[in-house]
Amino acid sequence: MTEGTPTSERPLRIAVIGTNYLGANTAAGMAEFGFDVIGVEIDEHRLKLLSDGKAPLYEPGLDPLLKKHTDSGRLRFTKDYHEIADWADVHFICVGTPQTEGSDSADLAQVNSVVDMLAPLLTRPCLVVGRSTVPVGTSKRVEQRFHTEAPAGAGVEIAWQPEFLREAHGVDDTLHPDRLVFGVQSAAAEATLRQVFATPIAEGSPVVVCNLPTAELVKGGANAFLATKISFINALAEMADATGADVTQLADALGFDKRIGRGMLNAGPGYGGGCLPKDLRAFMARAGELGVEEVITLLREVDDINYRRRARIVDTAHELLGAEWVGRNVTVLGAAFKAGTDDVRDSPALDVAGRIQLHGATVSVYDPEAMENARRVRPTLRYAASAAEACEDAHLVLHLTEWPEFQQLDPVALKDAVSIPVLLDARLSLDSAQWRAAGWTYRAPGKP
Ligand SMILES: NC(=O)c1ccc[n+]([C@@H]2O[C@H](COP(=O)([O-])OP(=O)(O)OC[C@H]3O[C@@H](n4cnc5c(N)ncnc54)[C@H](O)[C@@H]3O)[C@@H](O)[C@H]2O)c1
């Protein structure tokens, strides 16, 4: 960090800017590490919840951690940049970088808005650390702006520290990261980040110290690889369907090879959520700007395979309904893009539900946590208060998000509620023998 920053006399003061999925976990985690933290959030509703020690989203374990530290006084939230400008030693940028409307590239408006608001107020040296996922090259542009627009000028140092937390495991991943990537330009910045993350480093979290472009590329590269793994196993599910093989056993057998690994090898409706899809596209868009055709060709197919999965599920549903849509009741179990979260951004479950409704069927959706968000995104679907209610008079039940609650469903009792007992287990995770024994027609893509 730049000379003069008071790190030795007192614990570091940390600002976390943008406090939804990434930022709320980051702010609570930094407080748990022992620092004084101020979270900055411009959304009034989220700001109110956070100030009361409540998470603005469903994330296991986050509410108690926020409450613990808002009560202890170590963590507070504001919308006023004046409160952090000369107070914080380290400013973490955690705002959103969604896909630009009508383009594959990342929309950096939120990152730019942070610079607009923070830079003119910075009068003393500090470290600004980007945690948002950004296209390679962004940090240098951000640096240039801070150096010209902040009164502290070059005293504002930039680092990038991409975050790999998984929704539904956000707290654990924040407190015990599987690796820390420090994109830094000086030994002082590295030392400051080592101080911030002293607790997980002492626990054994490995640290990769690298330059800014490497740090920016790590996150995009990681998500591109994970997306490729998911599309790879989904392509193999098609092979399994064509040959009578079982894709789950195939994944188990492949996964025992340590070079391959079992993680992200579950065939299903494909990836979704607020990160993987938009990060993959932003990576391709940046590769296009840089003229790296290999990346575009490879990842375009990965993305296409992913979206064909959704169409394939709709086709199978059509076939199971006897090629009739109108007048049919279809139950969709799940709305979140995966279990353990209420995030419905680019959710395969909601996308499939919407497509089936467009074909003319009546669709009833149930999700244990994501109903409110789903209703906001797709208000015309029918929403049931329970899985049992969603299944009433159904001609087809689709299992699209792998919540543990759905594993506990009683197929015998549900058979009495539906019109026709047909189940399409697009997550391949229900007990096929149990459902068949209860008299259901059970179908799962990639399984014989
Ligand atoms: N969601 C995840 O699990 C996850 C994991 C790793 C990395 N990331 C990356 O982290 C970033 C944030 O992701 P997210 O899912 O939390 O995004 P999000 O859009 O859900 O949250 C962004 C928050 O920033 C606030 N904000 C916007 N502009 C602001 C400003 N100028 N000042 C203060 N607050 C502002 C918004 O109101 C919102 O609450 C993205 O780049 C994402 O790709 C997300």
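Predicted model: local features only at pLDDT ≥ 70, side-chain atom pairs only at ≥ 80, totals over all residues.
Helices here are DSSP runs of H or I with at least four residues, numbered from the N terminus.

In total, 28 residues surround the ligand, and the closest are E41, R46, Y81, T97 and K278. If you sort the shell by residue type, you find 12 nonpolar, 8 polar and 8 charged residues.

Now look at some individual side chains. R46, already listed among the closest residues, has a side-chain N or O atom 2.6 Å from an oxygen atom of the ligand. In the side chain of S113, an N or O atom lies 2.8 Å from a nitrogen atom of the ligand. R345 also takes part, with a side-chain N or O atom 3.1 Å from a ligand oxygen.

Let us turn next to the cavities. Searching the whole structure for cavities of 30 Å³ or more turns up 1. The largest cavity holds about 30 Å³ of space. Its lining is made of S132, T133, V134, W160, P162, A215, E216 and K219. Helix α10 (residues 212–243) gives the most to this lining, with 3 residues. By type, the lining of the largest cavity consists of 4 nonpolar, 2 polar and 2 charged residues.

Conventions:
Residues numbered from 1 in each chain as written. Heavy atoms only, no water. 1 Å grid on protein atoms, 1.4 Å probe; cavity = no way out; pocket = protein on both sides within 12 Å on 5 of 7 lines; lining within 4 Å. Points joined across faces, edges and corners; volume = space filled by probe spheres on them. Helix = DSSP H or I, 4+ residues; strand = E, 2+ residues; numbered from the N terminus. Nonpolar A, V, L, I, M, F, W, Y, C, P; charged D, E, K, R; others polar. Near = heavy atom within 4 Å. Polar contact = N/O pair within 3.5 Å; in protein donor to acceptor, adjacent residues only side chain to side chain.
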